[in-house]
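Please open the model in your viewer and keep the selection panel at hand.

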Amino acid sequence: MQPKSPSIQECPVGRAVETVGEWWSILILRDAFQGATKFDEFSQSLGIAPNILSRRLAHLTESGMFVRRRYHERPPRYEYVLTDKARDFFPVVATLLAWGNKHLAPKGEAILLANRHDRRPFNPVVLDAADMQPITLTNAVIIAGPRASRLMRKRLTSLKAMNPAVAPAGD
């Protein structure tokens, strides 16, 4: 059951989770970023039940993350090609990989994200494009955008984090 709250439906995080938040979807996208395009490739890599894989691929296609392209006529076979929308999701997966390596790899990193040309491991951070400074919990705040509803504006002004004097600890 998807949340129906207007504040969740209006929130870009809520809409993103609706599109890719189910964990199989993120793993399917991870494999697509690594070159998988065919049903059998996803199935073999993930060990996912065919009916679940079919539903996830259909959802990702309907939501604009994949374009389905026929690559074989008889029998008809399709591949799933990443769209620009999906490629824009890659930094999220890169950040998840870095976070997982930092916090969930007690014996050390099993895989690293590296520069394609020289194999130097990357250390992903989220930067502000204007000043190239890291975006952190301490220096960021959520504000209403130009299309925010009255309800969303009310919700945002009620949040503790909206008060500039309340900076979360740990940064």
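Is Arg87 buried, partly exposed or exposed? With a relative accessible area of 43%, Arg87 is partly exposed (buried means under 20% relative accessible area, exposed over 50%, partly exposed in between, with a 1.4 Å probe and protein chains only). The model is predicted: local features need pLDDT of at least 70, side-chain atom pairs count only at pLDDT 80 or more, and totals for chains, interfaces and linings use all residues. Residues are numbered from 1 along each chain as its sequence is written, and side-chain values use heavy atoms, with hydrogens and water left out.

Asp84 is exposed, at 55% relative accessibility.

Select Glu22 and Arg56 next. Their closest N and O atoms are 3.6 Å apart, forming a salt bridge. Glu22 lies in the loop between α2 (12–20) and α3 (23–33) and Arg56 in helix α5 (residues 50–62), so the pair ties together parts that are 34 residues apart in sequence. Glu22 is partly exposed at 28%, whereas Arg56 is buried at 17%.

Finally, select Arg70 and Glu73, whose side chains meet in a salt bridge at 3.0 Å, N to O. Glu73 is exposed, with a relative accessible area of 55%, and Arg70 is partly exposed at 37%.

Key
Salt bridge = Lys/Arg side-chain N within 4 Å of Asp/Glu carboxyl O. Helix = DSSP H or I, 4+ residues; strand = E, 2+ residues; numbered from the N terminus.
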